[in-house]
Amino acid sequence: YDKRSGKIWFNGELVDWADAKIHVLNHGLHYASCVFEGERVYDNSIFKLEEHTSRLFYSAKRMGIKIPYTEEEINLASKKIISVQGVKDGYVRPTIWRGSEMMAISAQQTKIHVAIATWEWGSYFDPKLKIEGIKLNISNWRRPAPNTIPWDTKASGLYMICTLSKHEAEQQGYTDSLMLDHEGNVAEATGANIFFKDKNGEIHTPIPDSFLDGITRRTVIEIAKSKGIKVNERKIAPAELSNFVGCFLTGTAAEVTPVSCIAENKFKVCETIIDLNESYQALVRKRKAA
Ligand code: PMP
């Protein structure tokens, strides 16, 4: 990703893609003092940009990082870089980190850096799997307890567990991994929230009390409710997985992706999931739902 052409918005300037570099003694690299966002561009416009920027500021605040720009400036910078790059359907990655002015646990005097990169991007999962459903294993790594880390943010440090889980899943022939929470209840996938459908057509999803309450999660809950589908936000034990008929993930990158199995539990790609995905696609592209 570092040798492309084009520009990256870097501390207020448009820098050549290959020149957007940091020093090896960067605090973000050594101690994960870094927060980021993941946004999607549909038809040249960023879906829920303001919500993503607010979450970026919230994540930074929780990490004690004071962003040297306003939310409005970051919104404008995000719009500017997608226009400069000419991204029609793609991804936006704002990232904020502490610099290399100090090499110690304490980093109060480090400079706060901000970069926003964007590129044309298609499906997060193989498009064929988005129709057939992806396979998940159950990770051996759990989400940390809420009093151990700023769990409701997109702080880079939280993603160590996601990469460990995802690599393990891929090595076992799965596409992604279901991570349990610190109490052993169902939490989320490595970059997406999880939902289930029961045999009565109701939807169930874990309460985001130790993991990210995704913007897509909230959007899909609203869509489901508007269709008269009952949505139950509750604790879900792994032993319940065999009772559900359907399962899907939601996320900015994942959008609405059906899941065909979690370990030995099999699910159907049911009509409700296809319909929710279509409505989500219509919403992000400002089309009328069929
Ligand atoms: N959980 C994790 C760990 C994620 O990285 C993401 C993607 N940001 C999500 C859930 C879904 O969040 P959103 O719908 O806001 O993209």
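This is a predicted model: local features need pLDDT of at least 70, side-chain atom pairs count only at pLDDT 80 or more; totals for chains, interfaces and linings use all residues.

Modeller: Helix α6 covers residues 215-226, which is 12 residues, so at 1.5 Å a residue it should span 16 Å, and its end C-alpha atoms are 17 Å apart, which agrees. The expected span is 1.5 Å times one less than the number of residues. Helices here are DSSP runs of H or I with at least four residues, strands are E runs of at least two, and both are numbered from the N terminus.

Colleague: Which residues of α6 are buried?

Modeller: Ile215, Thr216, Arg217, Thr219, Val220, Ile221, Ile223 and Ala224. Buried means 20 or more other C-beta atoms within 10 Å of the residue's own; exposed means 12 or fewer, and partly exposed is in between, with C-beta atoms placed from the backbone.

Colleague: What surrounds the ligand?

Modeller: 14 residues do, and the closest are Gly214, Ile215, Thr216, Gly251 and Thr252. The elements giving two or more residues to that shell are α6 and β14 (246-251). A residue is near a molecule if its C-beta atom, placed from the backbone, lies within 6 Å of it.

Colleague: Which element gives the most to the shell?

Modeller: α6, with 3 residues.

Colleague: How many of the shell residues are nonpolar, polar or charged?

Modeller: The shell has 4 nonpolar, 8 polar and 2 charged residues. Ala, Val, Leu, Ile, Met, Phe, Trp, Tyr, Cys and Pro count as nonpolar, Asp, Glu, Lys and Arg as charged, and the others, Gly among them, as polar.

Colleague: New topic. Where does Asn44 lie?

Modeller: In the loop between β4 (39-42) and β5 (45-46). Asn44 has a positive phi of about 65° although it is not a glycine. Asn44 is partly exposed, with 13 other C-beta atoms within 10 Å.

Colleague: And where is Lys48?

Modeller: Lys48 sits in the loop between β5 and α2 (49-62). Its phi is positive too, about 55°, although Lys48 is not a glycine.

Colleague: Last one. Which strands does β8 join?

Modeller: Strand β8 (residues 134-138) runs parallel to β15 (residues 255-262), with 3 bridges. Ile134 has Val259 as its bridge partner in β15. Another 3 bridges join β8 to β9 (residues 176-180), also parallel. Strands pair if DSSP finds at least two bridges between them.

How values were computed. Residues are numbered from 1 along each chain as its sequence is written.
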